[in-house]
Amino acid sequence: MLSPYLPNTDADRRAMLREIGATSVDELFQDVPEKCRHTQFSLPAPLSELELREELRHLAESNTNLEDYACFLGAGSYRHFIPSVVDHIIGRSEFYTAYTPYQAEVSQGTLQSIYEYQSLVCQLTGMEVSNAGMYDGSTAAAEAAVMACIISKRDKVAVLNTVNPIYREVIGTYVEGRDLAVETIGPDASLPADYACLIVQQPNFFGCLEKIEMYVQKVRDVGALFISIFDPISLGMFRPPGDYGADIAVAEGQPLGIPLCFGGPYLGVFACRKDYLRYMPGRLVGKTVDVEGAPGYVMTMVTREQYIRREKAISNICTSEALMALAAGVYLAAVGKRGLRRVAELCYHKAHYAARAISKLKGYSLVFERPFFKEFVISCPLAPSKINEVLLQERIVGGLDISHMIDNGMLLCVTEVNTKEEIDRLVEILASLQGEGTHE
Amino acid sequence: MNPKEYKYTREHEWICLEPGNTGKAGLTKYAESQLGDIVFLDLPAPGTQVQQFEKMGEIESVKAVTDFLSPASGKVVEINAKAVDEPKLVNEDPYGVGWLVRLELSKPSELDALMSSDAYDKYVESLSQEGSE
Amino acid sequence: MSKHDLLPDISKPGKIGYSLPELDVPPSELPPENLLRKELELPEVSECELVRYFTALSRMNYGVDTGFYPLGSCTMKYNPKWHEDIPSLPGFASAHPLQPEETVQGALQLMFEVQEYLVEITGMDAVNVIPMAGAHGELASQLMMKAYHQERGDRDRRKVLLTDSSHGTNPATSSMCGFEIGIISTDSEGNVDMKSLNTLMNDKVAALTLTLPTTLGLFDPHIAEISELVHKRGGLLWGDGANLNSLIGYVKFGDLGFDCVTVNLHKTFSTPHGGGGPGAGPVCTKQKLVEFLPAPLVTRECGRYKLVAPAKSIGRIGGFYGNFGVLAKAYAYIRSLGAEGLKQVAQDAVINANYIKEKLKAHYHLPYDRTCMHEVVFSHKRQAVKGVHAMDIAKRLLDYGLHPSTVHFPLIVDGALMIEPTETESKATLDEFIQAMIEIAKEAETNPAILHSAPHNTPVRRLDSARAARQPDLRWEISETKIEQ
């Protein structure tokens, strides 16, 4: 079959087979049991690039394009502005077609940019050391929980009940997979002395800022580890985990220059205290010198990783999300000191403007009184699912229906991407929906 | 090559008896050459009880990690802080300044089970021959 | 900008690299002081300088688009360019994973079809595309196998068997699932030592994990026997599909006796490696394990696509539905080649590897002199006599403008050189590589010093890894008053 991705001609194949001493390519498969060869594979007939582009465009178009809608949905995946410079840099094929940088001398681009990413994460979070990234926020949290158990030699993990429910599930899968235990606790619960860690999300799943000192104290009282799941954009304004005493800090890095893309690829940000360096999963890039004394970068402390430590490794992680870490690094460098603060403030003020306006509507109220950042929960006069149906017709994607957690509860998110017009429109439509789905 | 007065284990640790029932222990030249550049020593804290042939620490090189097994039973009384700060001393002088721990021995007769310098030399030679086949 | 500058060196107060609108709503009261951060020390660079900096970095990198990349078991094949445009199609790029299902039918359909294609390609019964890397898929698989045995009340199966040639992720995964491991040796032919397997396989073993072809690039002809033995003693047979490039379109894992396999979209299915991800490692399973698959999967009912959790799912292993952007590229790849094209891929991959084997076996020691599959493993044995090791050979290849093969893996071959050309390399490139390797073999005889000091022509020379590990320098630091590195 001819394909632009198969550069050898039949003449090439014949020449090589001659060198090999085989009369046909089938001879090279002689070790495969006879009856298992030449199986029929039922797949669609191949299409040309032109035809396939049409098919894929069609598939993409049968999704609602949020670019044409106002979106107030967050809950772990966020619409933030992505400076165009990010895509152009990660689109350079020297970056995206490279392998994991084992041969450091020809991978300085990847390595140095990861060193930058690690540094930027530390500056952002106030933590002492960051790795090169994990799969996503949820698995970063899960691996942090396991790491805490290994460091403390305890086998129980506590998670606050205001942590994202999906994250709690993933933490459960990983922790219980190792035959360790995980328990969800409420804000007033005490932390027993045989727990390895407490995991708190800041801001929490409902958008609120937790009374973080209280939880850090509970953890210190029993010599456990404090794990914080943070929102990277919130750190443009709010106290970072390194400041309030996190031992391990993890996050979903998607808000840092990575598109929504139906849930992936994303990025697990993972940072911790220097003391725990040898327990940290994932890759680490370090600075060194070459034989001529020139600065250079290598993957380092590789004896933590699976290809050396094998069954003694803390994690099996190998391939992670390096290109997304590059995107996050470029984003942080592009927005920089002023820009991240600006993004955070825009989110904050727009979200508060929206919350205030909605809370004034008859039948709607703000559920929590805690300070919040860009997400907040409202209680609605009718089922959020009904409200969202109406909103969709008005080309608005409403917040997450969390009525199974809070009566008629909806989790709304407002970012720098939402305009005043969009917010006013949302408020207008909500105002018209007052109980029993009636419009006024 | 290997100090005559030291005793050796099959896992390439050595122990050197000192007056007063203590002994210094470390890794042999063979071990350090197999490991390559040593970068980190994970040694037991003074006061730790150890058993002969059981793991008491880990030695990390750039490309490998190996268990450090105790050549004798007893209590750790001192670790070589200089080597902890500069792990390359273990590569440079594994029998001298690159020693790892000092133990107070609980059963000195255990040392009879270890190899003499000559026996260890022969043992290492046999390993090298195996490797080249 | 000097060659060794980092962002703090380019940074200067007052520069900006962004452009954001003004606040268009009345500002609200800020939260209490004690919640706010005092300073935020990030670099300040202009967009111009940022682009120049990262462009310069990219030019120090070697990718598949730069040249030959024969890393064994990594399948560094060409990444079709138009695939890169797919995730940015309107409707994909801005699809929120929590949007109502009826508004993302196109994305769900794509995921469903990838599931179906992988079922067909692997000869399994169901697929979950969530795992975001091979190791992630391995984790899902071993958790599923654990759940399978426990569900049947078979709680004593606490061990997983692997071969001594297995990739490090295999035993690391077993530990993550609370399993002990048992190691089976490889015999002198490069196959599973059946005596070793017979001894270790018993009713305390949950599964045998096998890479096929093995990491030696060899297809074990006794696979039917192996499968029978494992199943007879109540165990499961799991396959690491990293080497699928040699079998795709030709042989189905399901027909070989595997109960569950993972495949790597960033290997066999042409999605780019990205310098270490993103990837995707879908888990494909036979009927007996389907109910344990991670949540959720995509199903189709009356033409509508839905996300459902299998009845006895091991639970969620990720925040959403895996790496959709990666799945979309693999989808396009499968549809552009079809069954015939994929078979050609396997055939060309195997021809290319055997060609290299024939041309180099006079110059490098070949531990297993038999037909290989998509990759061939040599050893540095002949060169080691002159004090030249696999790493030196690798570093010298860099001077020839070629990326080295994998070195020092698998561990059972002393000084292994694992070469996987892939099918996207022309005979001309293979000949260039062969020539370079022959030159290097000569240099090992006549001028070993040049190999020890290699590489000479790269952006940096050989790097001091010992120093990096002894004195970890993992970040620069900017504080308010000074810049430290």
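Modeller: Ala75(A) sits in the loop of chain A that runs between strand S1 (70-71) and helix H3 (84-90), and in this predicted model the phi of Ala75(A) is near 60 degrees, a positive value in a residue that is not glycine. Most residues other than glycine have a negative phi, and most peptide bonds are trans.

The peptide bond that joins Ala295(C) and Pro296(C) is cis, with an omega of about -10 degrees, and Pro296(C) lies in the loop between strand S7 (283-285) and strand S8 (297-301) of chain C. Another cis peptide bond leads from Phe409(C) to Pro410(C), where omega is near 5 degrees; Pro410(C) is placed in the loop between strand S11 (406-407) and strand S12 (416-419) of chain C.

The rule applied here counts 15 cavities of 30 Å³ or more, and the largest cavity holds about 210 Å³ of space. Among the 20 residues that line this largest cavity, those closest to its centre are Tyr78(A), Gln201(A), Phe230(A), Asp231(A) and Glu375(A). Strand S5 (197-202) and strand S6 (225-230) of chain A each contribute at least two residues to the lining, which divides by class into 10 nonpolar, 6 polar and 4 charged residues.

Chain A also meets chain C, in a contact that takes 176 residues from chain A and 200 residues from chain C. The area buried between chain A and chain C is about 16,800 Å², with carbon and sulfur atoms giving 63% of that area. On the chain A side, Tyr5(A), Glu105(A) and Phe262(A) lose the most area to chain C, and together they account for 6% of what that side buries. Across this interface the rule finds 13 salt bridges, including one in which the side chains of Arg158(C) and Asp179(A) meet at 3.2 Å, N to O. The count of residue pairs in polar contact between chain A and chain C, with both residues at pLDDT 80 or more, is 94. Helix H11 (residues 322-359) of chain A gives the largest share of the side that touches chain C, namely 24 residues, and by class that side of chain A has 90 nonpolar, 48 polar and 38 charged residues.

Chain C has a further contact, with chain B, in which 8 residues of chain B touch 5 residues of chain C. About 490 Å² is buried between chain B and chain C, and carbon and sulfur atoms give 59% of that area. The count of salt bridges between chain B and chain C is 1, and in it the side chains of Asp37(B) and Arg470(C) meet at 4.0 Å, N to O. The rule also finds 2 residue pairs in polar contact across the interface of chain B and chain C, both residues of each pair being at pLDDT 80 or more. Strand S4 (38-42) and helix H3 (88-92) of chain B each supply at least two residues of the side of chain B that touches chain C, a side made up by class of 3 nonpolar, 2 polar and 3 charged residues.

Conventions: Residues are numbered from 1 along each chain as its sequence is written. Chains are lettered from A and ligands numbered from 1 in the order in which they are written. This is a predicted model: local features need pLDDT of at least 70, side-chain atom pairs count only at pLDDT 80 or more; totals for chains, interfaces and linings use all residues. Side-chain values use heavy atoms; hydrogens and water are left out. Contact means heavy atoms within 4.5 Å. Buried area is the accessible area (1.4 Å probe) that two parts lose on being put together, summed over both. A polar contact is a pair of N or O atoms within 3.5 Å; within protein, one must be able to donate a hydrogen and the other to accept it, and residues adjacent in sequence count only if both atoms are side-chain atoms. Helices (H or I, at least four residues) and strands (E, at least two) are DSSP runs, numbered from the N terminus. Ala, Val, Leu, Ile, Met, Phe, Trp, Tyr, Cys and Pro count as nonpolar, Asp, Glu, Lys and Arg as charged, and the others, Gly among them, as polar. On a 1 Å grid over the protein atoms alone, a cavity is a set of points where a 1.4 Å probe fits but cannot get out, and a pocket is an open set with protein on both sides within 12 Å along at least five of seven lines; lining residues have an atom within 4 Å of a point. Grid points are joined across faces, edges and corners, and a volume is the space filled by probe spheres set on the points.
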